[in-house]
Amino acid sequence: RQAPPDARMIARAWRGLSHTARIVSPSSRGSAVSKALTRARAVSPDSAKMPERPPAARSAASRRASDSSPSAKRKKRDHVELKVEHATPERGARGASTSATRASPGAPPFAPPGDWPEVLRLIKQMRAAGGAPVDTMGCEKISEDAAPDAKGRRFVTLVSAMLSSQTKDPITHAATARLVAFGCTPEKIAGTSVDVLDALITPVGFHQRKAGYLKAAAAICVERYDSDIPPSVETLTELPGVGPKMAYLVMNVGWGKASGICVDVHVHRIAERMGWVPPVAYSANGTPRKTRTPEDTRVCLESWLPEEEWVEINPLLVGHGQLTCTPRAPKCGECLVNALCPSAFAESKPDKERRARGSEK
C-alpha cells in the first residue's frame, strides 16, 4: 500500500534531518520531528509509521545524540587525563627556544680607532698650557695644602669628591675650603650637626643630602678605619654618597693607586665623540641598550687604554671638555684634533640657528 504524499514528504525530511544531525541541536531536531509526526498522524494514522533505519544508522545517531548531551560533556571533562611532554625538542625545531645555544653574553669585541695615540698626544699638547678650572680647583689640587699629613689629605680628597657630584669645580673648591677652615677631619665632621655642615657646603648641588652623607661617612672612617678612609674601591663605595666614579678618583689621587678610570660627564662625552667607545652599549646578557652609562665607558676604556694613562686621562679630558670640547657649541675650529675626530663640525644647523635666536633675545 502506497503512503500518501504527506507521509512521503515527512520520510524524506526525516532522512535529511538524520544526515544533518551535526549542525542541528538535539532539542531543535526533536522539536521539528515531533511536529512533523503529529501532522502525519493527523493525516493518516496507518501510514504515519516511518521506515525503520538500519542498525548502523541508529547506533551512529544515538552516539551523536549522547555525545552532544550536557551530561556526557561533563563526564568527558571529568575523565580527561592531562599529559605533559617533557621531551626536549630537537634543535632548530619550529617554536623551540634557542636561548641555550646563544653565544657568550656581553658586548662584542671592540677595537679603538688606530689613530688614538695621535689624538691623545694632540690633546695633551693643547692642555699643556692649562687654564681649565680643573687645573687649579680639581680634587687632586684642593687637598695638597689642606692637611699636614697624607692621612688627612686623603680624607679631604674624599670630602671634595663627595661634594663634586653635580657641582662645578669653583663651587666645590670654595665649599671644601670652608670645611678645611672649619676643621676637615673625620672626628670634627662626625661630631658636627647636619645643619651646620649644610650651611658650610651650600650652594653645592644637593647640599642637604650631602651634609648627611658627610657626617655618616666621617663616622664610619673613625669607627672602622682609624680615622682614615677605606683602602679599596669596594669599601669606598660602601660609604653613603660615594659612587664608582668618586671611588676611582679617591683611589687614584688619595691612595696613589691606579685602580680604574674616573669617568665624569666630560670623559663620557669626549670618549663618545672621539669614537673611543662603541656606538651601541650592551647589557650583561648581550642585548643592546639605548643609552650608555659612565660605567659602560669606564669598562670599555680600561679594556684598551694603557694603565699608565688611567690617572691622567680624567683631568686631561675634563680640562679639554671645559675649554674646547664643550657640551654645546664645541670649538671644533680651534681644536687640533678636528681632522681626526669623527664628530668634528657635526653640530646641526638648526641647533646653531636656535642658539643664535636665543642670544639675540
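**Pocket, core and backbone features of the predicted model**

The lining of the largest pocket is made up of 15 nonpolar, ten polar and seven charged residues, where Ala, Val, Leu, Ile, Met, Phe, Trp, Tyr, Cys and Pro count as nonpolar, Asp, Glu, Lys and Arg as charged, and the others, Gly among them, as polar. The model is predicted, so local features need pLDDT of at least 70 and side-chain atom pairs count only at pLDDT 80 or more, while totals for chains, interfaces and linings use all residues. Residues are numbered from 1 along each chain as its sequence is written, and side-chain values use heavy atoms, with hydrogens and water left out.

The largest pocket has a volume of about 790 Å³. A pocket is an open set of points on a 1 Å grid over the protein atoms alone, where a 1.4 Å probe fits, with protein on both sides within 12 Å along at least five of seven lines; lining residues have an atom within 4 Å of a point. Grid points are joined across faces, edges and corners, and the volume is the space filled by probe spheres set on the points. Of the 32 lining residues, Ser164, Thr167, Lys245, Asp264 and Val265 are the closest to the pocket centre. Helix H14 (244-253) is among the elements that give two or more residues to the lining, and H14 supplies the largest share, five residues. Helices are DSSP runs (H or I, at least four residues), numbered from the N terminus.

Helix H9 (169-182) also contributes to this lining. The 14 residues of H9 should span 20 Å at 1.5 Å a residue, which agrees with the 20 Å between its end C-alpha atoms; the expected span is 1.5 Å times one less than the number of residues. Asp169, Thr172, Ala175, Thr176 and Leu179 of H9 are buried, that is, under 20% relative accessible area with a 1.4 Å probe, protein chains only. These residues lie on the same side of H9, because they cover an arc of only 130° around the axis, taken from the directions from the axis to the C-beta atoms.

Leu179, Phe155 and Leu158 have the most contacts inside the largest nonpolar core, which has 35 residues. Such a core is a set of buried Ala, Val, Leu, Ile, Met, Phe, Trp, Tyr and Cys residues joined through side-chain atoms within 4.5 Å. Helix H8 (150-164) gives the largest share of this core, seven residues.

A cis peptide bond, with omega about 20°, joins Thr202 and Pro203. Pro203 lies in the loop between H11 and H12.

How values were computed. Buried < 20%, exposed > 50% of the residue type's maximum accessible area, 1.4 Å probe, protein only.
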